[in-house]
Amino acid sequence: MPNFANAVQKAIDKVAAIEGFGQNVTVRTITASSYNTTTGVIAESNSDEVVKAVLEDVNMREVNDLIQAEDKKITISADAITNKPTTKDKVLISNIVHNIIRVLTKTSGGTDISYTLYLRT
């Protein structure tokens, strides 16, 4: 299975290298760290990873109650990132912070191969 995952990573890297189609993005993993009983605020800790991504507009067939026509989506290799992204995390593209609306996971033989992240600014 690692050979297939490596092939997917190489394919994503090659497509991401095409001018105007892919680019480096930062996936910001956000974890709650501690609760301040005085202020009632939960402190967060951030961990950033730069990964190659294929950036696309959302297809009109994908628009529904959750996904909007203005949303974007990126595809990244599961091997390129330490932790599986969640909707609590953020993605930075050209220093613009995007919220992750949905995460689609492609798997093969029980192993995550790639993640498609639906994003909203």
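Q: In what order do the elements of the chain run from the N terminus on?
A: This is a predicted model. Its secondary structure comes to one helix and six strands. From the N terminus on, the order is α-β-β-β-β-β-β.

Q: Which element of the chain has the lowest confidence?
A: The chain has a mean pLDDT of 89, and 93% of its residues reach 70 or more. Strand β4 (residues 90-93) is at the top, with a mean of 97. Where pLDDT is low, predicted coordinates should not be read in detail. At a mean of 72, the lowest confidence falls in helix α1 (residues 2-16).

Q: What box do the C-alpha atoms of the chain fill?
A: The chain has 121 residues, and buried ones make up 34% of them. Its accessible surface comes to about 7,400 Å², with 49% belonging to carbon and sulfur atoms. Taken along the principal axes, the C-alpha box is roughly 50 × 35 × 25 Å.

Q: Over how many bridges do β4 and β5 pair?
A: β4 also pairs with strand β1 (residues 22-36), in the antiparallel sense, over three bridges. With strand β5 (residues 96-108), the sense is again antiparallel. The β4 and β5 pairing has four bridges.

Q: Which residue in β4 stands opposite Thr26?
A: Thr26 has its place in strand β1. β1 pairs with β4. Among the residues that Thr26 touches are Lys90, Val91 and Leu92. The one opposite Thr26 is Leu92.

Q: Is Thr26 buried or exposed?
A: Thr26 touches Asp48, Glu49, Val50, Lys90, Val91 and Leu92, leaving aside residues up to four places away in sequence. Its relative accessible area is 17%. The cut-off for buried is under 20%. Thr26 is therefore buried.

Q: What phi does Ser94 take in the hairpin of β4 and β5?
A: The hairpin has two residues between its strands. Ser94 lies in this loop and is exposed, with a relative accessible area of 60%. Most residues other than glycine have a negative phi. Ser94 is not a glycine, yet its phi is positive, at about 50°.

Q: What is the relative accessibility of Asn95?
A: Asn95 is found in the loop between β4 and β5. Its phi is positive, near 65°, though the residue is other than glycine. Exposed means over 50%. Asn95 counts as exposed, at 74%.

Q: Which residue forms a salt bridge with Asp48?
A: The structure holds four salt bridges. In this one, the closest N and O atoms are 2.8 Å apart. Asp48 is in strand β2 (residues 41-57) and its partner is in strand β1, 20 residues apart. Asp48 is partly exposed at 42%, and so is the partner at 21%: Arg28.

Q: How far apart are the closest N and O atoms of Asp57 and Lys72?
A: The two residues form a salt bridge. Asp57 lies in strand β2 and Lys72 in strand β3 (residues 72-77), so the pair ties together parts 15 residues apart in sequence. Lys72 is partly exposed, at 31% relative accessible area. The closest N and O atoms are 2.4 Å apart.

How values were computed
Residues numbered from 1 in each chain as written. Predicted model: local features only at pLDDT ≥ 70, side-chain atom pairs only at ≥ 80, totals over all residues. Heavy atoms only, no water. pLDDT = per-residue confidence, 0-100. Pairing = 2+ DSSP bridges. Salt bridge = Lys/Arg side-chain N within 4 Å of Asp/Glu carboxyl O. Buried < 20%, exposed > 50% of the residue type's maximum accessible area, 1.4 Å probe, protein only. Areas by Shrake-Rupley, 256 points an atom, 1.4 Å probe, with all protein chains shown as cover. Contact = heavy atoms within 4.5 Å.
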